[in-house]
Amino acid sequence: AGLNNPNGLSSWSSSGSPNPCRDRWAGVTCKHDDAASSSDHVIQISLPGLLKDTAIPGGQTISPSIKDLAYLEWLDLSNNNLVGQIPTEITHLKYLKALDLSRNKLSGPLPKIWTNFTQLQNVSLYKNQLGGEIPVLLSQATNIENLRLEQNQLTGQIPSGLLGGNMTRLQYFAIEFNNISGNIPDGIGAS
C-alpha cells in the first residue's frame, strides 16, 4: 500500500516499481552517482511532521531497513509521533551528517555503537521517551557539534569521554530534564 495522505506524501506510492529518486518523492533528495553510472542515491529524507497523521495501528516505527539507505546524509523525522526504539541498524549510515528524531515518542536505549558515525555533526533526539544510560561509545562520533538529548528519561552519569574528551568539536550539549546523576565531567565549559 502506498502512503497517500493530505500531508504532502501523495507522491509516495508503492505501485509498479517505485523509485524515490526517479519519482521525485516529497521530502526525499537524491544525488546522481556519476556519469558512468545510472544509479541515484537517496541522500536526504526530510519529513518533519509529515507522518504525524498517518493512521497506522500502534504508531509508526523506524524500519531496520533504514540501513539500506547507505548514502544517506540527512535524516529528519522529527515531530511525527514515531514509537518504538531507534533501530541499531541506523548506525550503519556512515555518511550521516544530521540526525533529527526529536519530538516523537521513541523509547528504549540509545544505540550503543557510534563508531561508524565519522561525519555526524548534529544529533537531535530531544522530547522523546528514550531511557537507559548515555552510551560511552557516543564519544567515538568525534565530529558532533550539536548534541540534544534533553527531555527524555536518560539515567546514569554523563560519560567522561563525551565532554572534554574525544568530542573536541562539541559546541552545544543539552541534557536537562533527564534523570542524570553524578558529577559533571571535567572539560565542561572549557574552550
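I began with Asp68, which is exposed at a relative accessible area of 56%. The model I am consulting is predicted.

**Entry on salt bridges**

I followed Asp68 to its partner and found a salt bridge with Lys67, whose closest N and O atoms are 3.7 Å apart. Lys67 is partly exposed, at 37% relative accessible area.

I then searched the whole structure, which gave 3 salt bridges. Another of them links Asp23 to Arg22, with 3.1 Å between the closest N and O atoms. Here Arg22 is exposed at 51%, and Asp23 is partly exposed at 32%.

I also looked up Arg148, which forms a salt bridge with Glu150 at a closest N and O separation of 2.4 Å. I noted Glu150 as buried, with a relative accessible area of 3%, whereas Arg148 is partly exposed at 24%.

**Entry on the open sheet**

I traced an open sheet of 7 strands, ordered β1-β2-β3-β5-β7-β9-β11, with mixed pairing. β1 (28-32) and β11 (172-174) each have a single partner strand, so one side of each lacks a neighbour in the sheet. On average, neighbouring strands of this sheet are turned by 15° against each other, direction ignored.

Within the sheet I checked β2 (residues 40-46) and β3 (residues 74-76), which run parallel and are joined by 3 bridges. Gln44 stands opposite Trp74 of β3.

I recorded 2 bridges between β6 (residues 105-108) and β8 (residues 129-133), paired in the parallel sense. Gly108 has Leu130 in β8 as its bridge partner.

I found β8 also joined to β10 (residues 153-156), in parallel, by 3 bridges. There, Gly131 is bridged to Gln153 in β10.

Note on methods:
Residues numbered from 1 in each chain as written. Predicted model: local features only at pLDDT ≥ 70, side-chain atom pairs only at ≥ 80, totals over all residues. Heavy atoms only, no water. Pairing = 2+ DSSP bridges. Helix = DSSP H or I, 4+ residues; strand = E, 2+ residues; numbered from the N terminus. Axes fitted to C-alpha atoms, helices over the stretch in contact; angles between N-to-C directions. Salt bridge = Lys/Arg side-chain N within 4 Å of Asp/Glu carboxyl O. Buried < 20%, exposed > 50% of the residue type's maximum accessible area, 1.4 Å probe, protein only.
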